[in-house]
Amino acid sequence: SRATLDGRDSLMNCLYSMLDFRDLKRPAPQPFRTYERMLDNVTSLERELDKIKSALEAAEIDRTLQVAQLERCLAVCKEIAFPETAETPKTIADNLAKFTELLSSLEKSIKEIIEDVEAKKRLLRSDSLLKAERSLWILFYADAARLKKSVIDLGERIRAEQEKSQY
């Protein structure tokens, strides 16, 4: 029995070519095609197939666990959305009406709060004493030297106003 393939046997040469999936680590093709090399290629292909099967099994196990987790989450969501007390369409409509009413009252409250805040903002912007107070408060934390200068300036203004009112 020969160890090399007959060059005229096209079936075996095609089979050898299909099984000879060299990677970059393998050397260049041998000058003679041997049955042993073909058997090595088959063995290597079987190892690759086993790796792929084990990876597929691991992926299947992972997918099964994920599906089970999703089913549990779906059951929890279903329980939250549709509690065991079977709600009729009328109770659902009543609850929806209550929800709409609550939403409109909440919206009204928010609008009132916004209007109140806007009024307070306008008041703060228009009142020069409050503006000065805010400025002093900021300087109290940010810049002591400017605070001191501002307090002295205010003192001088107050004295000037007092002198003006005395005459």
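Mentor: We begin with a definition: axes are lines fitted to C-alpha atoms, for helices over the stretch in contact, and angles run from 0 to 180 degrees between N-to-C directions. Helices are DSSP runs (H or I, at least four residues), numbered from the N terminus. The model is predicted, so local features need pLDDT of at least 70, side-chain atom pairs count only at pLDDT 80 or more, and totals for chains, interfaces and linings use all residues. Residues are numbered from 1 along each chain, and side-chain values use heavy atoms, without hydrogens and water.

Trainee: What are the angle and axis distance for helix 4 and helix 5?

Mentor: Helix 4 (residues 128-142) packs against helix 5 (residues 144-166) at about 145°, with the axes 7 Å apart.

Trainee: Which residues of helix 4 meet helix 5?

Mentor: Contact means heavy atoms within 4.5 Å. Leu-136, Leu-139, Phe-140 and Ala-142 of helix 4 meet residues of helix 5, including Leu-147 and Leu-154.

Trainee: Why are helix 1 and helix 2 called oblique?

Mentor: The axes of helix 1 (residues 10-19) and helix 2 (residues 35-81) come within 9 Å and cross at roughly 40°. Angles under 35 degrees count as roughly parallel, over 145 as roughly antiparallel, 65 to 115 as roughly perpendicular and the rest as oblique. Helix 1 and helix 2 are therefore oblique to each other.

Trainee: Which residues of helix 1 meet helix 2?

Mentor: Met-12, Leu-15, Tyr-16 and Leu-19 of helix 1 meet residues of helix 2, among them Tyr-35 and Arg-37.

Trainee: Which helix gives the largest share of the lining of the largest pocket?

Mentor: Helix 5 gives that share, four residues. Among the lining residues are Ser-128, Arg-157 and Glu-161. A pocket is an open set of points on a 1 Å grid where a 1.4 Å probe fits, with protein on both sides within 12 Å along at least five of seven lines; lining residues have an atom within 4 Å of a point.

Terms used: Helix = DSSP H or I, 4+ residues; strand = E, 2+ residues; numbered from the N terminus.
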